[in-house]
Amino acid sequence: MSVLAPEGRQPENSRSRARGGPASEAPSELSMWFSDGWTVTKRNLTKLKRSPDMLIFAVLQPIMFVLLFSQIYGGSIQVEGSDYTQYLMAGIFAQTVIFGSTFSGSAMAQDLKDGIIDRFRTLPMSSSAVLIGRTNSDLVLNALSVVIMMATGFAVGWRVNASMSSFFAGLGLLLLFSYAFSWVMALLGMSVKSPEVINNASFMILFPLTFISNAFVQSQNLPSALETFANWNPVSALVQAARELFGNTGTVPAPDVWPMQNAVLTVLIGAALMLVVFVPLCIRKFTLISSR
Amino acid sequence: MAIIEAEGLKKTYSSKSGPVHALDGMNLSVPQGTVKALLGPNGAGKTTVVKILTTLIQPTAGTAHIDGIDVLRDPKAARRIIGVSGQYAAVDEGLTGLENLEMVGRLYHLGAREARRRAQQLIDQFELTEAGNRPVKGFSGGMRRRIDLAGALVINPKILFLDEPTTGLDPRSRLALWGIIKDLVNDGTTLLLTTQYLEEADQLSDDIAVIDGGRTIAEGTSDELKAQIGGHRVVVSLVDSADAPRALEILGRHGDGEPSVGGDGRTVEVAVTDGPRALQYILSDLGEGGIDLHDAGMRRPSLDDVFLKLTGHRTEETQEPATQKEAAA
C-alpha cells in the first residue's frame, strides 16, 4: 500500500513550522568576498585548533629542525665570516614555510574527498572563498611556525643583525612567498585523486628543491651542475633574501647570478607571478570540480 | 510552468573504453509543491541529473531551469533557492553539528545572529542535540545524514534535492529519515529525490520517473506505473511443494501470462486481468484437485515488477552500499 503525500499541498502559505528566512538578497561581490572568505578561514582555524597532530607538526617540527641542524652540522659546516647557526636559520625558515604551504594542497584534496566541497559549491557563496579561507588559515599556521622557529633559534644563539624594519621585511617576505606557493599547492590539491598523493609528491619534489639550494650549505661548495641549479633555484633566492634582511650573510658574497644578486626583488617577482597565474587558475578549477 | 524543467539533458564523459553517456536526452518536469522520485539502478544517471540541477556540473547538451532561473547560465541565483543533501553526507567532520549548520547559514548570507538561531533550531528540531556541541567525527551514519539534511534546510529552500538520502543506512535510521522527509514535504517544499529503493519512491513521492541508461523510460504515479503492467496478480501458497506442477497448470489455465514458482518452491503466482473472478476459478479448481493451501490472494504488481517489465532487469536493491557508485559520477 503506497503512502502518498497528501494532495493539494500549498507551497508557500501552509508552512506550520518556523523556518529560517530566505537567503538575504545577494550582497555585493566585495562584501561577500570578505565575509565568505572569513567564514571559511574561521572554519579552518577551528578545525586546526581541534587537531593536535597538525599543531604538533607546526610547532614541534620546526623546533626539532632548528635544534638538529644547528647542533649536528653547526660544528662541521664552515661558513666564512659567520657561525653556522646564523647562516642556517634563514634556510630552515624557508624550508619550513614551503613545506607548510603543501598543507593547502592536501587540505583541498581532503575537502574534495569528504564531499564538503560539493556542499560549498551548492551554496550562493563567493567562488573564491574556499580558496581564500584555505590559504589564509595556512598563512596563520605558517606564521605560527616561523615565530616558534625564531624563538628556538634565538635560544640557540641566532641573532638578527639588522634594523627592526628589515627584520619584519624578512618575515613578511617568507610569509608572502609561502602564501603565494599555497595557491600553487591548492591547484594541485584540486587536481589529484587523494590527499596522500599531495603529501608524497611534495616530499619527492620539495626535498630536492630545498636541499639543492643555499638553504643549508653555500652553493659554491656544490658540484658544478648542482651549483648552477642552486643559484637559479627560487628557494635560494628566498633564503638569500631572508639572510640579507636578517643580517646573517656573514662575509660570503652572493653568487654572481642575477637572482642571487637581486634576491629580494626575485622573491617579490616570483610571488607576484605565482599569484597572478595561480589565483585565477584555482578559482576556475574550483567552479568545475565536484567530488566523486 | 513547472518549478523544475529540464530538457534534452545529455552528459557524456570520455573514458578509456570510449565515451560514456551518463545522460542521454533526459527530460524532467516537476510541478511546484510536489515530490518527484527518480528511480533507477546504479549508473542510470540519477546523480548526474541532480548534480546538473544543483549547479555542480554542466551538461554536454540540454537546458535546465528551476523557478524560472537558467541553472546553467546563472548558477549563483539558482543556489540561493535550493537546498541539497547528497548520498555522501557533506558535513565537516572536524566541526560540531551546530558549527556546521551555522557555517552553512553564514554562507547563505544570513546574519551572524540569525545563522546561529537557525542552526540551534534545526539541532532541536532534528533531535541532534547530542551532536550539537561535539565534532561530527565519531557519530553514526544516520546522525551525519540528519546533519547533512539539516544543512540543506538552513534557508527555507524553494526546492530541495535529496540524492539517495537513505542509501547505506540501517532500516531504523531509514525510517527515521523518511519521517523527517514526509514532514518536510507536507509543508509544501518541492522535492526531487533520487533513490534505488522502490519502497522509498513509493513512500515519499507523488510522482515517479523511472530512469535507465540516462533516460526516462516511464513516468507517472506509483499506481499509474503499476497499472502499466496491467491488472492484478494471483498468488497462492501451497502446503506441499509437490503440488507445484499441478498448481502451475491450474494457474496457467486462468492467468494471462506464464505462471511462476517462487524461490521457496511453494509460492505460485500469475498475472490476471479480472482479478477476483480468476481468483475464484483458481481456488475452485485447486479445491477440486485436492491441493491444500496455506494462503491465497491477489496483489497489485510491485514497482519491482514494473521495473522488470520496463527494463528487462530487476533493480539492484540488495547491492551493498559500498559498491554503489554511479558509473557516471
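Contact here means heavy atoms within 4.5 Å. Helices (H or I, at least four residues) and strands (E, at least two) are DSSP runs, numbered from the N terminus. This is a predicted model, in which local features need pLDDT of at least 70 and side-chain atom pairs count only at pLDDT 80 or more, while totals for chains, interfaces and linings use all residues. Residues are numbered from 1 along each chain as its sequence is written, chains are lettered from A in the order in which they are written, and side-chain values use heavy atoms, leaving out hydrogens and water.

**Exercise 1.** Work out how α3(B) and α6(B) are placed and which residues meet.

*Solution.*
Step 1. Find α3 (residues 97-107) and α6 (residues 141-152) in chain B. Their axes (lines fitted to C-alpha atoms over the stretch in contact, with angles from 0 to 180 degrees between N-to-C directions) come within 9 Å and cross at roughly 20°.
Step 2. Angles under 35 degrees count as roughly parallel, over 145 as roughly antiparallel, 65 to 115 as roughly perpendicular and the rest as oblique. α3(B) is therefore roughly parallel to α6(B).
Step 3. From α3(B), B:Gly97, B:Asn100, B:Leu101 and B:Val104 meet B:Ile147, B:Ala150 and B:Gly151 of α6(B).
Step 4. Sort this contact by class: four residues are nonpolar, three polar and none charged. (Ala, Val, Leu, Ile, Met, Phe, Trp, Tyr, Cys and Pro count as nonpolar, Asp, Glu, Lys and Arg as charged, and the others, Gly among them, as polar.)

**Exercise 2.** Now describe how α1(A) packs with α5(A).

*Solution.*
Step 1. Helix α1 (residues 29-50) and helix α5 (residues 129-155) of chain A have axes 7 Å apart, at an angle of about 50°.
Step 2. The two helices, α1(A) and α5(A), are therefore oblique to each other.
Step 3. Sorting the contact of α1(A) with α5(A) by class gives nine nonpolar, six polar and two charged residues.

**Exercise 3.** Find the buried residues of α10(B) and say where they point.

*Solution.*
Step 1. Buried means under 20% relative accessible area, exposed over 50%, and partly exposed in between (1.4 Å probe, protein chains only). In α10 (residues 244-254) of chain B, the buried residues are B:Ala244, B:Ala247, B:Ile250 and B:Leu251.
Step 2. Looking down the axis of α10(B), these residues fall within an arc of 125°, so they line one face of the helix. The arc is that of the directions from the helix axis to the C-beta atoms.
Step 3. Their packing partners in chain B are β11 (232-238), β13 (267-272) and α11 (275-288).
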